[in-house]
Amino acid sequence: MKTISLWQPWASAIAAGLKTIETRSWPTKYRGQLAIHAAKRDTQEEKDFWLDNVLESDFRELYGHAFLTVGIQKYSDLPHGAIVAICEIYSCLPTEALVGGEIANEVEKEWGNFSPLRYGWQLRNIEPLAIPVPCIGRQGFFDWDQP
């Protein structure tokens, strides 16, 4: 299955249903099932994002509830080096079309980089894994053999 690595907490935000648009600097023609991999990377930058955008956000109650649905109460609960969800890419549009067309709501805007000249991969049928599956990540798309 095609797989993409994301840093935390963005990978788990997809699993929790908060993030349905993955923004990238490159477009994709791929459509179909996609595994979401939480990278091993764990830096102060990600911890600061959690503090500023999850704990201090206007949407903190929504975020707290959504993360609880996937077993995450605090930053240290975020899985790393594992597949956390399966979803489907069904569209890829320039970010200008997503923001200008009001597809990207305020929650999506907090979780993505909608700067000009970027692309939004639209995701649906997001299924979080009850137990994250350990996996070594890679850059770009990579293939994962689902157990």
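Arginine 41 and glutamate 46 form a salt bridge in which the closest N and O atoms lie 2.8 Å apart; a salt bridge is here a side-chain nitrogen of Lys or Arg within 4 Å of a carboxyl oxygen of Asp or Glu. The structure is a predicted model, in which local features need pLDDT of at least 70 and side-chain atom pairs count only at pLDDT 80 or more, whereas totals for chains, interfaces and linings use all residues. Residues are numbered from 1 along each chain as its sequence is written, and side-chain values use heavy atoms, with hydrogens and water left out.

Arginine 41 is partly exposed, with a relative accessible area of 28%, whereas glutamate 46 is buried, at 0% relative accessibility. In these terms, buried means under 20% relative accessible area, exposed means over 50%, and partly exposed lies in between, with a 1.4 Å probe and protein chains only. Accessible areas come from the Shrake-Rupley method with a 1.4 Å probe, and for residues only the protein chains shown count as cover.

A search of the whole structure finds eight salt bridges. One of them joins the side chains of lysine 74 and aspartate 77, at 3.3 Å from N to O. Lysine 74 is partly exposed at 46% relative accessibility, and aspartate 77 is partly exposed at 28%. Another salt bridge joins glutamate 106 to lysine 109, at 3.4 Å from N to O. These two residues are three positions apart in helix α5 (residues 106-111), so about one helical turn separates glutamate 106 from lysine 109. Glutamate 106 is partly exposed at 48% relative accessibility, and lysine 109 is partly exposed at 34%.

The protein chain contains five helices and six strands. Helices (H or I, at least four residues) and strands (E, at least two) are DSSP runs, numbered from the N terminus. Read from the N terminus, the elements follow the order β-α-β-β-α-α-β-α-α-β-β. The radius of gyration of the protein chain is 14 Å, close to the 15 Å that the globule rule gives for 147 residues, so the chain is as compact as a globular protein of that length. The radius is taken over C-alpha atoms, and the globule rule is 2.2 Å times the number of residues to the power 0.38. Along the principal axes, the C-alpha atoms fill a box of roughly 40 × 35 × 25 Å.

Buried residues make up 45% of the 147 residues in the protein chain. The chain exposes about 7800 Å², of which carbon and sulfur atoms supply 51%. Among contacts with a separation of 6 or more, 84% are between residues 24 or more positions apart, a contact being heavy atoms within 4.5 Å.

The six strands form an open sheet in the order β2-β5-β4-β3-β1-β6, with mixed pairing. Strands β2 (21-24) and β6 (142-143) stand at the edges with a single partner strand each, so one side of each is left without a neighbour in the sheet. Two strands pair if DSSP finds at least two bridges between them. Strand β2 runs antiparallel to strand β5 (residues 119-134), and four bridges join the two. Within this pairing, isoleucine 21 has glutamine 122 in β5 as its bridge partner.

Strand β3 (residues 32-38) has six of its seven residues buried, so this strand is largely enclosed by the rest of the structure. Strand β1 (residues 2-6) runs parallel to β3 and is joined to it by four bridges; leucine 6 has alanine 38 in β3 as its bridge partner. Strand β4 (residues 82-94) pairs with β3 in the antiparallel sense over seven bridges, and isoleucine 36 stands opposite alanine 85 in β4.

A disulfide is a covalent bond between the sulfur atoms of two cysteines. With the cut-off set at a pair of cysteine sulfur atoms within 2.5 Å, the count comes to zero disulfides. The sulfur of cysteine 87 is 13 Å from the closest cysteine sulfur, that of cysteine 92, which is too far for a bond. Both residues are buried, cysteine 87 at 2% relative accessibility and cysteine 92 at 14%.
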